[in-house]
Structures are given as structure tokens and as C-alpha cells.
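Hello,

Here is the structure we talked about. My notes follow below it.

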Amino acid sequence: MIYSKEVENMCPVKGISHGAAPIPEEGKWVQAKEIKDISGLTHGIGWCAPQQGACKLTLNIKEGIIQEALVETIGCSGMTHSAAMAGEILVGKTILEALNTDLVCDAINTAMRELFLQIVYGRSQSAFSEGGLAIGAGLEDLGKGTRSQVGTIYSTKAKGPRYLELAEGYIVEIGLDKDDQIIGYKYVNLGKMMENIKKKMDPMEAIEKASGTYGRFDEAVKKIDPREE
């Protein structure tokens, strides 16, 4: 180590150090000094430079090693393929390795950066959960049908809003009242529909069994297909 002449000529003075401030990790307070001291499950959001797409990244980390990864993307077709590669790259790496690894897409890289900041500062979802969350908790976030929570709404000043997909699923019909205001909708849960079809159910029956309504759809005086009218 090289010191400048000015530093070499200084007289030594002892300072006081109490070590790193403890952070909450899986129900414990930890003075994190090394990567292996970091554990927890948390989420991060990232975006690319032109901001045409976004990524939500969920990692479950045990003793510094990424044990589980959930990569969800929206807005960019290329990003979906990047997510496939990132899913292979992330698991088994330390969070420091993952931070300094090309995860193929700017949005995924940015999500990793934001998530890294949260986890090393003790802002994880499992900070106060004793023992943390089991490997598989990320998958449980998707719920039955294992599909991401997606909301797609399109609207124009001339024709108003069109609900295309919401938490319940793919919107088949929108219900309007006498004033042409939306009061409900009919949807198909695509995850449940595909599960039914995989069980050899007739496709039309599979759609019907995966369908439902929300709001006052049954009271609608007019029902429209949001993709056609």
C-alpha cells in the first residue's frame, strides 16, 4: 500500500469503531461484513434506457447465494428472451456476482441493482420473518395458474377506456350502464383455462370453467368486446 508523504508524516491517532450497524435479516439482527452474511427474499423493479420495457425481479437469497429467482417482464418482446437467459444465470451466484454479471437486458440489470441496494440495507420482504421464506415463495407470488399479475388498459379521448387484462384475467366483455359507464366485466383466467385444457377438457368447456364476472356485470344494459368495439 502506498502512502503520500503527508500521510506518512502524520502522528497516529486511534479512532473508535463499533462495527457495522446491524440490519434485520430473517428475524435476526446481523452485522453484515461479508456477502455470506446476507439473506432474505425481496423484489426490485428495473427499466431500460429508452424506458420501453420494465422488469420485476424477485430473489430468495440464503447466506449470500441466490437460491431462487423470479423474472417478470412487460412491454418488450426481446426482454422476455433476456429473462429466460437471466433465469439461468442468476441462481447459484452470490448477489455480488449477480450485480456484476450481464443479465442480458438493461431492465433486468437495473432491477438487480435496485434489489441489491434493498437487500444489503436490510429492506427485504422477509426481514422480520424468523428463518426467512422457503425456496418456492417466489413461485407462490404468482398464485394459481402461475401467471404474473398483469394490467393492460387502453383508452382514447374519443372512445374512452378499454379493459384488456386485469388481475382476474383476460377481459372478454365490458359491461356498461345506461350512461355508457363501465360497471363490470367478464374475464377468463388464462392460467386456469390452460390447466383445464392440459387435463384433456374440451376447449370451450375449459374457457367456461375458467370464466367469471366482476362488479355489476349482470346489471349491464350493454356489453361490448373491448377489442372490437
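**Salt bridges**

Arg-113 is partly exposed, with a relative accessible area of 40%. Keep in mind that this is a predicted model. Arg-113 pairs with Glu-114 in a salt bridge, and the closest N and O atoms lie 2.8 Å apart. Glu-114 is partly exposed too, at a relative accessible area of 24%.

The whole structure holds 8 salt bridges. One of them joins the side chains of Lys-56 and Glu-72, at 3.7 Å from N to O. This pair links distant parts of the chain. Lys-56 sits in strand S4 and Glu-72 in strand S5, 16 residues apart. Are the two partners buried or partly exposed? Lys-56 is partly exposed, with a relative accessible area of 29%. Glu-72 is buried, at 13%. The cut-off for buried is under 20%, so Glu-72 at 13% counts as buried.

Arg-216 and Glu-219 form another salt bridge. Their closest N and O atoms are 3.2 Å apart. Arg-216 is partly exposed, with a relative accessible area of 44%.

**Helix H2**

H2 covers residues 77-90, which makes 14 residues. From first C-alpha to last, H2 reaches 20 Å. That is close to the 20 Å expected at 1.5 Å a residue.

Which residues of H2 are buried? They are Met-79, Ser-82, Ala-83, Ala-86 and Leu-90. Seen down the axis of H2, the buried residues fall within an arc of 110 degrees, so they line one face of the helix.

What covers the buried residues of H2? The cover includes strand S4 (54-62) and strand S5 (65-74). It also includes helix H3 (95-99) and helix H4 (106-120). After H2 comes Gly-92, with a positive phi near 95 degrees.

**Nonpolar cores**

The largest nonpolar core has 24 residues. Those with the most contacts inside it are Cys-55, Leu-57, Leu-59, Leu-90, Ile-95, Ile-108 and Met-112. S4, S5, H2, H3 and H4 each supply at least two residues of this core. H4 gives the most, with 7 residues.

Take Met-112 as an example. Leaving aside neighbours within four places in sequence, Met-112 is in contact with Leu-57, Leu-59, Leu-90, Ile-95, Ala-98, Leu-99 and Leu-103. Another core, of 7 residues, lies apart from the largest one. Ile-174, Tyr-185, Tyr-187 and Ile-224 are among its residues.

**Glu-26**

Where is Glu-26? Glu-26 lies in the loop between strand S1 (23-25) and strand S2 (28-30). Glu-26 is buried, with a relative accessible area of 10%. The side chains of Glu-26 and Lys-62 are joined by a polar contact of 2.9 Å.

Lys-62 is also one of the residues in contact with Glu-26, once neighbours within four places in sequence are left aside.

Best wishes

Conventions. Residues numbered from 1 in each chain as written. Predicted model: local features only at pLDDT ≥ 70, side-chain atom pairs only at ≥ 80, totals over all residues. Heavy atoms only, no water. Helix = DSSP H or I, 4+ residues; strand = E, 2+ residues; numbered from the N terminus. Buried < 20%, exposed > 50% of the residue type's maximum accessible area, 1.4 Å probe, protein only. Polar contact = N/O pair within 3.5 Å; in protein donor to acceptor, adjacent residues only side chain to side chain. Contact = heavy atoms within 4.5 Å. Expected span 1.5 Å × (residues − 1). Arc of directions from axis to C-beta. Salt bridge = Lys/Arg side-chain N within 4 Å of Asp/Glu carboxyl O. Core = buried A, V, L, I, M, F, W, Y, C linked by side-chain atoms within 4.5 Å.
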